[in-house]
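Visitor: Please take one part of this model and go through it closely. I would like the cut-offs stated along the way.

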Amino acid sequence: MSPQVPLPVHAWPQMQPGWVWLCGAGPGDPGLLTLHAANALRQADVVIYDALVQEAILDWAPQAERIYAGKRGGKPSAKQRDISLRLVDLARAGKKVLRLKGGDPFVFGRGGEEAQTLVQHGIPIRIIPGISAGIGGLAYAGIPVTHRDVNQSVTFVTGHDQSGNTPGSLDWTSISRGSQVIVIYMGMKHIAQIAAKLIAAGRSLHEPVAVVTTATTAHQQVLETTLGTIVDDIAAAELEPPAIICVGQSVLMRQVLDWQGQAAGEAPRNLDPLGRGRPAETA
Ligand code: SAH
């Protein structure tokens, strides 16, 4: 589909000069962009994008100047300030500015900080949510982030804080005890420490875990493992970030819901992975 294809009839908002729209690009697959994102891409004068935004998505904005603002691994906060101030400068220069971030801009994406700086400088903003990797990425791996037979809550956590360490502010014992399913962003670097903390807090060594890398792209890889074996298995599979790590029984649902494997001709491994012995919808 090209940018010339009209959007469905709707009162699409017009980008105004001097505005910044903070927009989620979804986890990778361009089909997971929202229509508001597509509407923004075709109007922007300039797109400032992050490392996790797929190149194909930028092709939706052929008229726009592209500025790469990638940074990985929670490094210098000074640079984050530079990005925010660059947005301010571009808006003040009268540009229609699209700030494009992977996933959802307000989920572990510093979108809140950028938006705050813009408002503090008197720049008008619009926020366009996106599909976050911790939900959409797991769906592409056949893992429902909630399932009535598994969890009534889900916890999204980041594997490191601004300093690059495992977040000291996180109470892993409470998270471990209170949440049946834990979805970890940016968890690869400190996975040994995180797994150890979860086990120390009482989670089983056999607890199912999935690691989904470059989710929703053509390079997506899914590792099914357990808390006790995750460190060795990640090393053996030579997995690299970006990755979403999901801890909990919902990982087992992949045995029946791996729709990508099934599309490639694989049979479901187990139609009732939670052993409920009844069709799911009869509860
Ligand atoms: N705002 C983003 C998250 C940004 S933090 C969102 O809502 O998805 C960056 C982290 O997100 C990565 O380290 C990784 O944990 C996760 N992530 C983002 N895109 C991903 C993808 N395509 N596959 C796997 N993990 C991804």
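**A helix on the sheet**

Guide: Helix α4 (residues 111-120) lies across β1 (20-24), β4 (97-101) and β5, and runs at about 170° to β1. Helices (H or I, at least four residues) and strands (E, at least two) are DSSP runs, numbered from the N terminus. Axes are lines fitted to C-alpha atoms, for helices over the stretch in contact, and angles run from 0 to 180 degrees between N-to-C directions. This is a predicted model, in which local features need pLDDT of at least 70, side-chain atom pairs count only at pLDDT 80 or more, and totals for chains, interfaces and linings use all residues. Residues are numbered from 1 along each chain as its sequence is written, and side-chain values use heavy atoms, with hydrogens and water left out.

The open sheet has five strands in the order β3-β2-β4-β1-β5, with parallel pairing; two strands pair if DSSP finds at least two bridges between them. Its edge strands, β3 (65-68) and β5 (125-128), each pair on one side only. From one strand to the next the twist averages 20°.

Ile125 belongs to strand β5. Ile125 counts as partly exposed because its relative accessibility is 25% (buried is under 20% relative accessible area, exposed over 50%, partly exposed in between, with a 1.4 Å probe and protein chains only). Leaving aside residues up to four places away in sequence, Ile125 touches Trp19, Val20, Ala115, Leu118 and Val119, where contact means heavy atoms within 4.5 Å. Ile125 and Trp19 are 106 residues apart in sequence, yet 5.7 Å apart in space, C-alpha to C-alpha.
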